[in-house]
Each structure stands twice: as structure tokens, then as C-alpha cells.
Amino acid sequence: MRASSPARTGCRIVVLPELVAACGFANAKSAGYEADDFLAAAAAAEEGRGGHVLVASGDRDAYQLASGRTLILHPVRAGEMARIGPAEVRERYGVEPKQVPDFIALRGDPSDRLPGAKGVGPKGAAALLRKYATLEDAFADGQLAGQADQLRMYRRIATMDAAAALPALDDQTPSWGKAAELAREWELNRLAQRLEDLAKAEAR
């Protein structure tokens with residue numbers, strides 16, 4: 001029996017784990033956790049093994065993961081990626097990577113519909129976090145006390161939770177050819193062609 005095309009049935013999200021598995025990659029989900037949380041957990045696990053990590057993400061929340069062992073690959077234009085480490089986070093935001101959730105809470109983030117602190121923009125957020133290491137330190141000194149509950153909620157939304165439970169993450173080789181076959185079966189022909197091109201490139 002031939003599987004229905006996700007492109008026709010509108011169930012692309014539901015079948016995504018099947019495509020990810022066909023590519024040879026692990027996938028995970030758990031109530032109460034978002035995709036970013038699993039990225040944070042995977043990065044922490046690899047760092048714990050003494051490895052180095054590349055996190056490909058267009059979400060600037062991921063800057064909080066930057067470290068001596070983890071770089072963020074952030075798309076800047078078609079085919080180009082910026083490599084974001086701790087120095088780049090400091091250059092762009094004026095804060096340390098671990099301060100990024102507090103910075104986002106203060107500055108706001110339209111993509112997550114976070115308005116930020118009233119009257120505080122990017123420069124003000126960075127200046128506050130240079131004076132106080134954390135939002136809690138600022139609250140303890142009487143800063144932004146009237147907005148503390150909202151800012152704590154914004155920070156929680158911006159924080160990537162590395163406690164998310166991961167499946168086994170063994171060394172894997174992508175199976176682009178198998179993924180291309182599945183994409184053809186689903187009549188996702190443009191995707192199938194791209195996957196076939198990857199398989200051919202690796203075979204050279």
C-alpha cells in the first residue's frame with residue numbers, strides 16, 4: 001500500500017520524525033519541552049563527553065549555548081552562516097552567553113512576543129547586566145522591582161532547558177539515499193532531489 005503524500009494530506013509535522021529517522025538522525029519529544037530544549041541538552045551532553053558542538057539555528061536564543069566547545073551557526077543570507085562563539089555574543093549583545101536569557105527578557109523579542117522591560121532597549125539591557133550579573137541581582141538591589149514577575153516569565157521563555165531527556169546519541173552517518181527514497185514516495189520531489197544530490201556528493 002502506497003503511503004499518502006504529506007504534501008497532499010497536510011500532515012507534514014506529524015511525519016517529520018519519520019523523515020528525520022530516514023536521514024539517520026535521532027529525534028525526541030517530551031511534554032513540557034520545546035525543540036530548543038533538546039538542542040541545549042544535546043550540546044551539554046556532547047560537551048560533557050569532551051566533544052565540540054555546532055548548533056545550526058536561526059534563533060538567537062541559541063546564543064546562550066555558546067562556549068569554548070560550542071559554536072552557533074547562524075544564517076545571515078542564502079548559503080552563508082555566521083559562526084557565533086562567546087566573543088561574538090559579547091560583540092553583538094554586550095553580555096556573556098549565560099546572560100542571554102536575562103538580556104532577552106530585558107530587551108524583548110518580537111519573534112516570541114516578549115515586550116521586554118518598559119523603557120529598556122538593547123543598550124540599556126546590556127548596561128544593566130554589566131552592573132548586575134543577573135536579573136535577580138538587579139531585583140535584589142531594587143531595580144525594575146515592579147516588573148519582576150513579568151521579567152522572570154520572559155526569562156523562563158527565553159531559557160533553553162538542558163534537562164530535556166535525550167535518546168541515545170551515537171555517532172551516525174547520514175543516510176541521504178534512504179531519506180530521498182522516502183521523499184519520492186511522499187511526492188516531495190524537490191526535497192528528494194536535494195537529498196539525492198547530498199548522497200551523490202558523499203559518494204564521491
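Contact here means heavy atoms within 4.5 Å. The model is predicted, so to speak of local features a pLDDT of at least 70 is needed, side-chain atom pairs count only at pLDDT 80 or more, and totals for chains, interfaces and linings use all residues. Residues are numbered from 1 along each chain as its sequence is written, and side-chain values use heavy atoms, with hydrogens and water left out.

Helices (H or I, at least four residues) and strands (E, at least two) are DSSP runs, numbered from the N terminus. To start with the sheet, three strands make up an open arrangement in the order β1-β2-β3, with mixed pairing; two strands pair if DSSP finds at least two bridges between them. The edges are taken by β1 (53-56) and β3 (80-84), each with a single partner strand, so one side of each has no neighbour in the sheet. Direction ignored, neighbouring strands are turned by 30° against each other on average. Axes are lines fitted to C-alpha atoms, for helices over the stretch in contact, and angles run from 0 to 180 degrees between N-to-C directions.

On one side of the sheet order, β1 and β2 (residues 70-77) pair in the parallel sense over four bridges. Within this pairing, valine 55 has isoleucine 72 of β2 as its bridge partner. Helix α3 (residues 35-48) packs on the sheet and touches β1 and β2, its direction making about 170° with that of β1. Leucine 54, for its part, stands opposite leucine 71 in β2. In a regular strand the side chains alternate between the two faces of the sheet. For β1, the covered face has Val53 and Val55, while Leu54 and Ala56 belong to the uncovered one.

The other pairing, β2 with β3, is antiparallel and runs over five bridges. Proline 75 has methionine 81 of β3 as its bridge partner. The hairpin of β2 and β3 has two residues between the strands, and glycine 79 takes a positive phi near 80° there.

Moving on to the helices, α5 (residues 100-107) and α6 (residues 122-131) have axes that come within 9 Å and cross at roughly 135°. The two are therefore oblique to each other; angles under 35 degrees count as roughly parallel, over 145 as roughly antiparallel, 65 to 115 as roughly perpendicular and the rest as oblique. The crossing of α5 past α6 is right-handed. A crossing is left-handed if the near helix is turned anticlockwise from the far one by less than a right angle, and right-handed if clockwise. On the α5 side the contact is made by Asp102, Phe103, Leu106 and Arg107, and on the α6 side by Pro122, Ala125, Ala126, Leu128 and Leu129. These residues divide into seven nonpolar, no polar and two charged, where Ala, Val, Leu, Ile, Met, Phe, Trp, Tyr, Cys and Pro count as nonpolar, Asp, Glu, Lys and Arg as charged, and the others, Gly among them, as polar.

The loop between α5 and α6 holds alanine 117, which counts as buried at 5% relative accessibility; buried means under 20% relative accessible area, exposed over 50%, and partly exposed in between (1.4 Å probe, protein chains only). Neighbours within four places in sequence aside, alanine 117 is in contact with Ala105, Leu106, Leu144, Gln147 and Leu151. Alanine 148 lies 31 residues from alanine 117 in sequence, with 9.2 Å between their C-alpha atoms. Arginine 113 also sits in the loop between α5 and α6, but at 77% relative accessibility it counts as exposed. Most residues other than glycine have a negative phi. Arginine 113, though not a glycine, has a positive phi of about 60°.

Among the residues that make the contact are Trp176, Ala180 and Arg184 of α9 and Leu191, Leu195 and Glu202 of α10. By class, this contact has nine nonpolar, three polar and three charged residues. In the loop between the two helices lies glutamate 187, partly exposed at 28% relative accessibility. Glutamate 187 has a positive phi too, near 65°, in a residue other than glycine.
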